[in-house]
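Here are a few friendly notes to read alongside the structure. Take the points one at a time and find each residue in the viewer as you go.

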Amino acid sequence: MSRIGKLPISLPDKVEISVASDNTVTVKGPKGSLSQKIDPDLSVKVEDGAINIQRPTDQKRHRSMHGLYRSLVNNMVVGVSEGYVREMVVIGVGFRVENQGNLLTLTIGYSHPVMFHLPSEVKVTTAMEKGSPPLIRLESIDKELLGQVCAKIRSFRKPEPYKGKGIMFKGEKIRRKAGKTAGAKS
């Protein structure tokens, strides 16, 4: 049996779950509501304040779906109860970030500022403090959407290994490479 799939998901206080007839799981909590369609072969049971996902057979397809959907439902439960936060730093001389509502403006070394409109489900705040690199803080209840938005922002200027400039996650270590060395001419 799947090690992840067989683990029960405990429901925190103030979180409600409902399973529709078409196997759509809807989770409502203090931060919002999320829904996910579950594979029709799997069954979702809510018992004693815990959610269990069960598979019918040990086929390879059922085994792979078992752990996947358990993780997706768990991410929804954590999202509506606590939410997810990702922080990104922008490293480079003259690099700046600012936001107006959900419009993020990045000045990252191009001839023009990069404007990125975030989805309404993601809240963004930016900080520019003297002596520290600009910071982008993203919050959402949907972990998948938050990851996609972070990946898109990072793609505007990926961190490069020679000078270490670019947009990266806070605390991320970039493997640095040595630059060219002047060879001795004989």
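Predicted model: local features only at pLDDT ≥ 70, side-chain atom pairs only at ≥ 80, totals over all residues.

1. Asp 58 has a relative accessible area of 51%. The cut-off for exposed is over 50%, so Asp 58 counts as exposed.

2. Now look for the partner of Asp 58. Asp 58 forms a salt bridge with Arg 55, and their closest N and O atoms are 2.8 Å apart. Is Arg 55 buried or exposed? Arg 55 counts as buried, because its relative accessibility is 13% and buried means under 20%.

3. Next, find Glu 87 and Arg 137. Their side chains meet in a salt bridge, with 3.1 Å from N to O. This pair links distant parts of the chain: Glu 87 sits in strand β7 (residues 84–91) and Arg 137 in strand β12 (residues 135–140), 50 residues apart. Arg 137 is partly exposed at a relative accessible area of 30%, and Glu 87 is also partly exposed, at 23%.

4. Glu 87 has another partner to look at. Glu 87 forms a salt bridge with Lys 170, where the closest N and O atoms are 3.5 Å apart. Lys 170 lies in the segment after β13 (166–169) and Glu 87 in strand β7, so this pair ties together parts that are 83 residues apart in sequence. Lys 170 is exposed, with a relative accessible area of 52%.

5. Which residues are linked with Glu 87 in a network of salt bridges? The network holds Glu 87, Arg 137, Glu 139 and Lys 170. Across the whole structure, a search finds seven salt bridges.

6. Now turn to helix α1, where you will find His 66. His 66 is buried, with a relative accessible area of 0%. What does the side chain of His 66 reach? It reaches the backbone oxygen of Gly 5, at 3.3 Å.

7. Helix α1 also matters for the last stop, the largest pocket, because α1 (60–81) is one of the elements that give two or more residues to its lining, along with β4 (32–37) and α2 (143–155). The volume of this pocket is about 170 Å³. Its lining is made up of Leu 34, Ser 35, Gln 36, Leu 72, Asn 75, Met 76, Ile 141, Asp 142, Lys 143 and Glu 144. By type, these lining residues divide into four nonpolar, three polar and three charged.

Notes. Residues numbered from 1 in each chain as written. Heavy atoms only, no water. 1 Å grid on protein atoms, 1.4 Å probe; cavity = no way out; pocket = protein on both sides within 12 Å on 5 of 7 lines; lining within 4 Å. Points joined across faces, edges and corners; volume = space filled by probe spheres on them. Helix = DSSP H or I, 4+ residues; strand = E, 2+ residues; numbered from the N terminus. Nonpolar A, V, L, I, M, F, W, Y, C, P; charged D, E, K, R; others polar. Buried < 20%, exposed > 50% of the residue type's maximum accessible area, 1.4 Å probe, protein only. Polar contact = N/O pair within 3.5 Å; in protein donor to acceptor, adjacent residues only side chain to side chain. Salt bridge = Lys/Arg side-chain N within 4 Å of Asp/Glu carboxyl O.
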